[in-house]
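Please open the model in your viewer and keep the selection panel at hand. The tour below goes from stop to stop, saying what to select and what is found there.

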Amino acid sequence: MSSDLTELVDRLRRDRRAHPYRGRREYSLAARELGDRCTGLIEAGSAATVVPVLRKAVDRMTTALMYMDDSSGVVGDDLQQIMDLYARACVASPPPPKSLAGWLVKLECDGPGWPRIRLRDFASALGAKGLAEVDRLVAERAEVADPDSWTGQFAIRDLRQQLAEVSGDVDRYVRVLAEHLESAVQYQRIVDVLRSSGRVAEAIDWAQRGLKDKAGWPHTEELRDTLVDLLLDHGGEAEALAVRRAEFERHPTLTAFRQWTRTSAHVGATDPTSSAIKHLRQRVAERPAYLSELVDVLAATGAHDEAWTAANTDPNQFGRQRWIALLEQRRTTDPRDVIMPYQHVIEAQVNDSGDKQRYRGALPLLDALEQACEAAEQRDAFTTFLADFRDRHRRRPTLIKTLDSAGFYQ
């Protein structure tokens, strides 16, 4: 190890007694300088020189992050870059495979959870012997791991899944992934590997199972999109359309409507707008909270008058900011319609005791009301409202002062 690299690595040693916020920028700069120097040496054919340097850097940075505030994630990103660079160096100049395997397993199973270990990046450096050693060590860990330790179990599971992935054995990979179908992501990974292997029927089956088992979970949208793409690519237009319709009927949102419409147009099917609106109206009758989605769908299809009429049936289903946004949209086309609603919103704003800026927040609403009255040629309506408003709230000197300062005189 050259003296200048030694000096750079030494700068990555962190005194755990140091203040968590102290020296973070300098630490990050040192890590990046080391990364740049090592990158140059790898590209110059001197990877063997930097392999031990980078491993030591990873160890020191991993420890340092346990005592350093890294809420910005900058140093964590630096560490991951050093880890990735180490993998690159190992591929160019492989260290003893058993030693590398032991270090990787120990870092994953005993470490704090960072950096992210990607076995595929180390696969060629590990070779058959190193991967077999990882497999053996993981099996040993699994026998003695605490079943109640989430972190311990996760590390073992992650390594087993990565081993299966780099093995190239699709059936093994699917089998290992299927052991823990805890999220839509697992289903997605199975679908992806089957799809890339040309096993389309199995990929479709797994995607359908995932949507059934994890309906409404995070990342199911990605799984649904993949299923639709698979069906469309292999002659399943009707099935793809049924997937989109089923999702809209399950959870009728603007996003689901747009996806259904897009797929319908792609396969040349009848526009689903009429059916979608009818279904949404029925859903609103059962659950008024869906009124917002109905308004969105109507507006998206250009039925702005219907959207406004629907919204006015129950304004309480909209949050104040959303309702104000609707008023702003309507004010540009039909200012008469928003005069009374703006008055109600202004009253609600100044009476909102939970908003410390409630009086100042009323000013842009008053301005919008004034513009609506002028556009509707009802200037007297604003003058009358303002006079009545000031009179009713005359015992609120702060509000009156705020109105005066903004030019809303009687």
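Does Glu377 count as buried or exposed? Select Glu377 and show the surface: at 72% relative accessibility, Glu377 counts as exposed, where buried means under 20% relative accessible area, exposed over 50% and partly exposed in between, with a 1.4 Å probe and protein chains only. Before going further, note that this is a predicted model, in which local features need pLDDT of at least 70 and side-chain atom pairs count only at pLDDT 80 or more, while totals for chains, interfaces and linings use all residues. Residues are numbered from 1 along each chain as its sequence is written, and side-chain values use heavy atoms, with hydrogens and water left out.

**Backbone stops**

Stay with Glu377, which is found in the loop between helix H19 (358-375) and helix H20 (379-392); helices here are DSSP runs of H or I with at least four residues, strands are runs of E with at least two, and both are numbered from the N terminus. Although Glu377 is not a glycine, its phi is positive, at about 60°. Next select His219, in the loop between helix H10 (200-213) and helix H11 (220-233), where a non-glycine residue again has a positive phi, here of about 75°. His219 counts as partly exposed, at 45% relative accessibility.

Then move to Trp114 and Pro115, which are joined by a cis peptide bond with omega of about -5°. Pro115 belongs to the loop between H5 and helix H6 (119-144). Most residues other than glycine have a negative phi, and most peptide bonds are trans.

**Two pockets**

Which helix gives the most to the lining of the largest pocket? Select H7, which supplies 6 residues of that lining; helix H5 (97-110) and H7 each supply at least two. A pocket is found on a 1 Å grid over the protein atoms alone, as an open set of points where a 1.4 Å probe fits, with protein on both sides within 12 Å along at least five of seven lines, and lining residues have an atom within 4 Å of a point. The largest pocket has a volume of about 280 Å³, a volume being the space filled by probe spheres set on the points, which are joined across faces, edges and corners. Of the 16 residues that line the largest pocket, select the closest to its centre, namely Glu108, Pro112, Gly113, Phe154 and Ala155. The lining of the largest pocket divides into 9 nonpolar, 4 polar and 3 charged residues, where Ala, Val, Leu, Ile, Met, Phe, Trp, Tyr, Cys and Pro count as nonpolar, Asp, Glu, Lys and Arg as charged, and the others, Gly among them, as polar.

The second largest pocket holds about 230 Å³ of space. Of the 16 residues that line the second largest pocket, those closest to its centre are Phe154, Asp158, Gln161, Gln186 and Arg189. H7 and helix H9 (184-196) each supply at least two residues of this lining, and the largest share, 7 residues, comes from H7. The lining of the second largest pocket divides into 3 nonpolar, 5 polar and 8 charged residues.

**Three arginines**

Select Arg157 in helix H7 (residues 150-167). Arg157 is buried, with a relative accessible area of 18%, and touches His180 and Glu182, not counting residues up to four places away in sequence; contact means heavy atoms within 4.5 Å.

Arg330, in helix H17 (residues 320-333), is buried with a relative accessible area of 9%. Leaving out residues up to four places away in sequence, Arg330 touches His304, Asp305, Trp308, Pro335, Asp337 and Val338.

Arg245, in helix H12 (residues 237-250), is partly exposed, with a relative accessible area of 37%. Beyond its neighbours within four places in sequence, Arg245 is in contact with Trp260 and Ser275. For a view across the model, draw a C-alpha to C-alpha distance from Arg245 to Leu163: they are 82 residues apart in sequence and 39 Å apart in space.

**Rings**

Finish by selecting Arg209 and Trp206, where the charged end of Arg209 sits over the ring of Trp206, 3.8 Å from its centre. A charge sits over a ring if NZ of Lys or CZ of Arg is within 6 Å of the ring centre and within 35 degrees of the ring normal. Likewise, the charged end of Arg283 sits over the ring of Tyr290, 5.2 Å from its centre.
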